[in-house]
Amino acid sequence: MKYFVGTDTGGTFTDTIVMDDNGHLRMYKTHTTPHDRSIGIMKAIGLAAQDLGLTETAFIEKVSYFGHGSTAATNAFIERKGVRTGLITTEGFGDTMLIQRTMGQWAGLGDQLTHYSIRKLPDPIIPKQLIAEVPERIDYKGAVIVSLDELKARQVVRRLLEQGVEAIAVSLLWSFANPVHEQLIKKIVKEEAPGIFLSISSETAPVLGEYERTATTAINAYLGPSIDSYVTNLEDKLKAKGFNGIFTIMNSNGGVIPADEAREAAVSLLTSGPAGGVLASVHLAGKLGYPNVITSDMGGTSFDVGLIIDGKPIVSNNSEVESYHIVQPMVKVTAIGAGGGSIAYVENGHLFVGPKSAGAVPGPVCYDQGGTEPTITDADVVLGIIDPDHFLGGKMKLNKEKAEEAIRTKIAEPLGMTVVEAAAGIRTISDNRMADLLRQATISQGHDPRDFVLFAYGGAGPAHSYSFGAESGVKAILVPYTATVHSAYGIGTSDIHRSYYLSKRMQTPAMFQVASDHLSVSEFNGVFEQLEEKCEKTLLNDFVTKENVRFSRLVDLRFRGQFNQVSVEIEGGELTAIHINDLVARFEQKYEERYGNGTGYREAGIEITGFRVHGKAPVPKAAISKKLSNSDGKAAPRSERYVYFHEVDDFMTTYIYNEEDLEAGMEITGPAIIEHPGTTIVIGPKQKATIDEYLNTVILPEAVLLNDKQIQSEGEMVH
Amino acid sequence: MKQIVEKGVERVSVDPVTFEVLRNRLMAISEEMSINLQAVSGSPIVVEAADFNVGIFSANGNLVTMGKTVIAHTGSLVKMLEHIIADCSLDPGIEEGDMFVVNSPYKGALHAPDMGVLAPIFYEGERIGWAGACLHQLDVGGMVFGSLASSATEVYQESMIIPPVKIIERGKLRKDVWNMISGMSRLPKNFTLDFRAMTSANKVALKQVLQLVDRYSLPTINTVFEDIIQLTKDKIALRLRQLPDGVYRARNYLDHDGQSNRLYHIALSLTKKSDKLTFDFSESSEQTPGFANCTESALVGGIFSGLLPLLAYDIPWNDGVLDPVEIIAPEGIICNAKWPAAVGHATLSVMWLVESLVVEAISKMLASSDQYLSEAHSSYFGGADLLNVAGLNQYKEPFGNTFTEQMASGAGAYDHRDGIDAGGCHHIPAQKIPNVETMESGTPVLYLYRRYMEDTAGAGRNRGGMSLGSAFVVHDTPSLMGIPMAHGLEVPNAFGLWGGKPGSCIVRSMYRETNIQNKFAAQEWVADPSQLNAKKESLSAKPGPIFFQPGDVFEWSWQGGGGWGDSIDREPERVLNDVNNGVYQKETAENLFKVVISKGQINQEATQKAREEKRRERKTYEVAKFLPSSLQNDNRIVLGPIGDTLERVQVSNTVYVQCGCKQLLAPANENIKEYLGVKAIAAEDIGTRVKLHEELEMHEYACPSCGLAHFTEVKRKGTAPLHDIKLIDY
C-alpha cells in the first residue's frame, strides 16, 4: 500500500488528508504550531499512522507523495520577518517601491477606505538606505540608451554587502524588454557574494510596470532565505522518519511546485491558502462535469469567493498582499469580512453585521471564552442550527444561554424584537450580503450566477450556503465531502504547474486590415519557444518526464488606447499567419462577450501586451474513489430538533442526520441538517439534497429567485 | 440645502433586517454600476484613474447611494438631476425608458468634459427613482484637444455645451441628436463608448432596482430610500451637535486666470449652529476673465468632496450629508460664475480650492473638540498641474495624452501623525498613478527621474506629506506639444494649521537646447537635469501651448502637504530621520526645525540652544493688543481645545483663549492673532521651493510669553489677518 498526503497549515488549524492506493480518504485536523509548524504537521502524521495501525516510520516510508501548503510566507511577510535585503535599481528611480504608485496608503482598507485619519504607509520592506541606484538606461524598445556603469555597479554591490544584506533584489527600468544590464549585475553579485540569495526582476517578474515588478522581485528576495529554511526544516523532519517520496509545495498560481523550487519562488507562495480550496474545487468539478463553479469558503472571519469558468480557475496577474502589489499569476479570490465570528450591532435603530469580527479569541459569545459581542455563530446556536452539544463533533460545548443573553440585550431589546427575530435577522443580513458578493464576483467577469454551481466549504459555510446560495440564484449548491479540509484536499490532488510570462508590446496601426501584416509570426514563435523552454526546464525532474508535460499558451490583447485586456489561448507548435489572424478574431469576440456588444474598438488598432505559457505535469497520486450505492436510497435521521428558518419565519421540526450514516444516492428532503465532525450542513425547507457518489451533498435550491421582469424601458442601442 | 422629504410617497414600516438587507443590496447595485461602467468604457481615465462616479436617486432626485470613486462627480449628478427635473418635466417630459445627457457646467456638470447620463426609473407608470453616471470624457470638442483651453474667455469657446437633452426616448436612442453630439468630439469612438458605459451602468440599476420593487413592494423601497438618507442625516446631525457652535473661516488664493497672472481669492466663512452648517463664500473675488472659474455645480461638488471624507468618514454617503448644508454664494463670484464665463479649469482650480477651504474650515471646527481633534488635518496640495500633450507618438501616429502623476502630491498633517507622502487627492479615496514604463510605452518621452522631492513637505511638529517630482526628455518623436496649466506656482496653497507651515509651490522648468544627446552618446546617464548645459526657461502658471524640441527636458514638482503645529517642537530625531530619508535637505531642515546636525547626528546641546534662541526671538515679535496682566492669576476652568496647543478657558464670566504655556492670550470672541506677536516671514524662510506672488505676504504669529508659533498665514498684502475661529456660546 502507498499513501498520498496533502497538508495545509493555516493560522489556527493544520488540515491533513491521507489517501491510499484505493482512493480511501482520511481527514485530520490538528492545531497549528506557529513557532515551528512542522510539529503540528508531524502530529497529524502520527494520528494517521495510528489510524492505519502503523508506526510513524512505517507509515512515512510508504508515503510516496507529500504535498504541502502553508501560510508561512504570508506570515513572515506580515510580521516583517524576512531578511535584510538590498535593492539595486536605475538611477533616478530608487523611490519606486516607496511611492507604490500612491496605492500603499489605502490598499486593503476595505470598509475603512473613507476614514483618512487612520491611514498610514506600510513599513518599507527595504529601507531607503538599502536601495542603491546605478547609472544605466534602456528604453521602451529595449534599446540601450546608456550602458550600465559596471564599475559603479560593483561598488554598489560591495556597499550593500558591507551594510550586511543577506539577499539582493535587482530591478531596472525596462529590464523585461532587455535583460542585459540585470544579467551583468547578476554576474557581479555572483562574483562578489557567491552564496547570497538573489532575485532578478527580468527572471522573477518580466512584466511591464516597474513598481509591481520591483515589489515582486524585492519581496521574493526578502522572503527567500526564510522559506528556504522553512522547507529544509520540514523536509529534514520527514526524511529523518524515512520519507523518500515526492515533496511539493502549493503556490498561489494554480498548482504545486517541487519543494526545491519553492525556495527560489517565495513570492509565489503568498496567498496560496485560499488557492488550495479553489484548486480542490477545480479537481472535483472536473470529476463531476461542472464547467462553471463559484467557490465559497466561509470561516471564522472572512468569506472568500473564487470562480471557475470552463473548468479553469480565474487567475489574476495582479494581486494585493498586505498593502503591496505583486505581479504573479494568482488564483483570484475576493473576500469580505463575513464569517462565523462577524459581530452584529445596533446603531441609530438599525441592525448591522460585520465587518468587525470576534476572531478565534475571544470568539463568539457561545464559545464562553470571554466574548461579549453577539456573532453569526451565536445566532446559529440560538436558532437551533448548531447543536451546542455537538459542535466540532462534540469536542467543544457551546453556551447557548450566553449567546441568547447577548443577542437579547445587544440586539433584540434595543430593536424591540424577540431574541429569535434578532438572531434570524443577523443571519438574513449576512446571508444576503454573501449572496451580493457571489453575484458581484460573477458579474465582474461578465457572467450570470444562474449558469453556476456553488461549492460551499469552510467550517461555517455549509450552515449558510442553502440560503446565500439560493439567494444568489445559482442552479445548485454542493457541499464537498472534504468541506472542512478542502484546501488540503486540493494540495493533495493538484498537478505540478509552472507559468512563465513575458511583457512584450506588439501592435497594429489604426484602421488595420489584416493583423498578421503587422504582428510578426516569427516573434510569436520565438517568444513561445523561449517561454516553453524555460517552463520545461523547471518542470522536468525525477518524477516528471518530457512526455508528461502539457503546455498551454496565452496572449494578452487589448484595443489600443483602451485599458481593459483579455487573455486569449493560442495553439501550440509552429504558428502561422492564419493562427495570428484567428487569435485577433477570437480576441474581438471574447472582448465583446466579456465587456458587452459594441464595446470592441477595432478601428483604434490592436495591441498585444504579453505572452504566457502554463506548463502542467501530473504527479503520481491516487484519486478519491466512488462510493457505490448499496442503500435503498432512504437516509435514516438520528434525531430531530426545532430549527428556525427565516423562509417560513418559524421553527420547524427538522431531521438531524449524521454523515456516517449517509451513502451515495441517498436523498434528503429539507428542512434537514447533516452533522459532520467539523461542520453542519443545512438543507432549507422545500429544498432537496442528494448524496453523490463521492459523498458530496448536492442541494437543489427552491427558486427564491427574483422575478426576472423584463424592463420595458430597456431599448436596443446600436452605435 | 435640499428638500429631502419625499412628497407623495407612501411609507410603510420596514423592519431593521429588511432595511439592512436592502441597504447592502443598493450599495452592491452601485458597485455593479461601477463595474459595468468601467468594463464598457475601457478608457484609461475611467478604468485606471477612476475619474467617474455613479448614483441611485429617489423619485425627487435625492441621492440614496453612490460609488467611492471621484467624489465630486456624484455631487454633480445631484445638480444635473435638479436641472433635468426643472427643465424637462413639462417639455419634453420625463417618460419611462428615457435617458438624459448633460455636460453644461451651468446645468450641473463640474466642467464640460465631465458628462453625465441620468435615467428615470418607472414602476407601473410611476416614476420611483433615478439612476445616474458621470465620467470624464477625453474630448468634448472646443478650441483644443482635451477641451481645456487656457486661453478661453467664454464658455462658448471651450467645448460643446449640452443642457439636459433627452438622448434616449422611451428606450430608443435619438440617433440624429446623437450624431450631432458625438460629431463634435475629436474622438467620436471613445466618446461613444464612454456614453454607452454610462447608459449600461444605468440599465444595471434600472433592472435591479425594479427587481427589488417586485420582490419587496414599492412602499418598502420608497421607505428604505428615505430611511437610508435619514440614517445619514441623523448621524451627521448627532456629530454636528457634538461639535462647538462657531464661525470657522478659511481663505485661499489663485494665481493666474489664463489671461494674466492676477491674484484672486476664495473666502469661506462657515457658521455651524447646532446641527446646521452655512457655507458663505460672499467675500470671494469677482469671477475672472479667463477659464479659472467655477459654476454652482462645481461649488457644490467641491463642498461635497470636502465634507464627505472629513465629517462622514464612517457614515454612509448620500444626500443626508448635504441636509444640514446651506450655501451662500452670490452669482458673479469666482466660485459661482455667471454665464457665459469660461469655466474649463474649474475642477483643477476653483473647485479644488473650494474643497481645500471646506477641509480647512471643518478641520478648525473638529480641532475645537476633544472628541474629534484627531480627525482634523492640515491642507492637502491645493491643485493639480495639468499637462496635456499631443503630437506624433513614437510610432509616428497622431496621439494625445494626459499626465496624471501630479496626483502624487502631498497630504496634510494631523495632530497624531505626519501627512502621507504622495498622499494625493482628498477627493479620490483610492487613487493611483501610472508607472513610468506605462507612460513611456505610449507617450514619446524618456524619464530622467521620478522620485520624492526634497523640501516639499510643509514643516510642523508633524510635517505635511512630500510631493513627487519628475523630469523627462522627449524621445523618438519629431514633434510634441504640451499645454501645462496650474495655479499654485506663486501661492503655497497647502496651508498648515496651528503654526504649521504651508507645503511647497509647484515648480516647473524647461531646459532648452540641452547637451543630453551628447551625454547619452558618451554613455553618461543624466538623472539630474541641472547638470546639463542648457537654456533654462521658467514657465508661467498657464503659458499656453509649448513645443518640445528633441533634447528639451521638462522638469516639475508639485505641492507638498501642510504641516501641523510648531516646527521647532518636532523631535530632533524625527528631523534627522527626515534628512536621512531625503524629506529635507540638511540646510533646509536646520533652518525650518532649528536643529543642528553634525556628522550625521543631532547635536543635542546646539539644537536646544538654537530652538531657545528662536523662541526668544519670537517673544520679541510685535504685539497689537494685550490683556490686563492681572487676569493671568485668576482661577480658570478649561472648556475645550483649539487645536492641540490652545485652550478655551473660563475666567469668572468670560471665556478666553490660553496658550499651552498657560499664558492667557485673548478674549475668545476676538481675533487671537491681534494678541499674538507677529512677524512677516519670507518665502525662503519656509523652504526652498516656495514662492510668493507679489501681492502676497506671510506672517508668523507666536505666543508673546513662551514663543510658541500658533499660526502661519499667507494673505494679500495689507489685509487684516483672518479671524480663523469665533466660537458662539463657547
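## Strands 8 and 9 of chain B

In this predicted model, strand 8 (residues 246–255) and strand 9 (residues 263–273) of chain B run antiparallel and are joined by 10 bridges. Strands count as paired if DSSP finds at least two bridges between them; helices (H or I, at least four residues) and strands (E, at least two) are DSSP runs, numbered from the N terminus. Within strand 9 of chain B, I266(B) lies opposite N252(B).

Residues are numbered from 1 along each chain as its sequence is written, and chains are lettered from A and ligands numbered from 1 in the order in which they are written. Because the model is predicted, local features need pLDDT of at least 70 and side-chain atom pairs count only at pLDDT 80 or more, while totals for chains, interfaces and linings use all residues.

## The five-stranded sheet

An open sheet of chain B holds five strands in the order 11-10-9-8-31, with mixed pairing. Strand 11 (325–328) and strand 31 (725–727) of chain B are the edges; each has a single partner strand, so one side of each lacks a neighbour in the sheet. From one strand to the next the twist averages 15°.

Helix 9 (residues 350–366) of chain B packs on this sheet and touches strands 8, 9 and 31 of chain B. Two residues are in contact if their C-beta atoms, placed from the backbone, lie within 7 Å. The direction of helix 9 makes about 150° with that of strand 8 of chain B; axes are lines fitted to C-alpha atoms, for helices over the stretch in contact, and angles run from 0 to 180 degrees between N-to-C directions.

## Strand 16 and its partners

Five of the six residues in strand 16 (residues 480–485) of chain B are buried, meaning that 20 or more other C-beta atoms, placed from the backbone, lie within 10 Å of the residue's own. Strand 12 (residues 386–392) of chain B is antiparallel to strand 16 of chain B, with six bridges, and N388(B) stands opposite I483(B). Strand 19 (residues 546–548) of chain B is also antiparallel to strand 16 of chain B, with three bridges; here I546(B) is the bridge partner of G482(B).

## Chain B as a whole

Chain B contains 14 helices and 31 strands. Of its 730 residues, 62% are buried. Its C-alpha trace spans about 80 × 75 × 45 Å along the principal axes.

## Contact with chain A

The contact takes 73 residues from chain A and 83 residues from chain B. Elements of chain B that each supply at least two residues to its side include helix 1 (16–41), helix 6 (188–216) and strand 14 (445–452).

Methods. A residue is buried if 20 or more other C-beta atoms lie within 10 Å of its own, exposed if 12 or fewer, and partly exposed in between; C-beta atoms are placed from the backbone.
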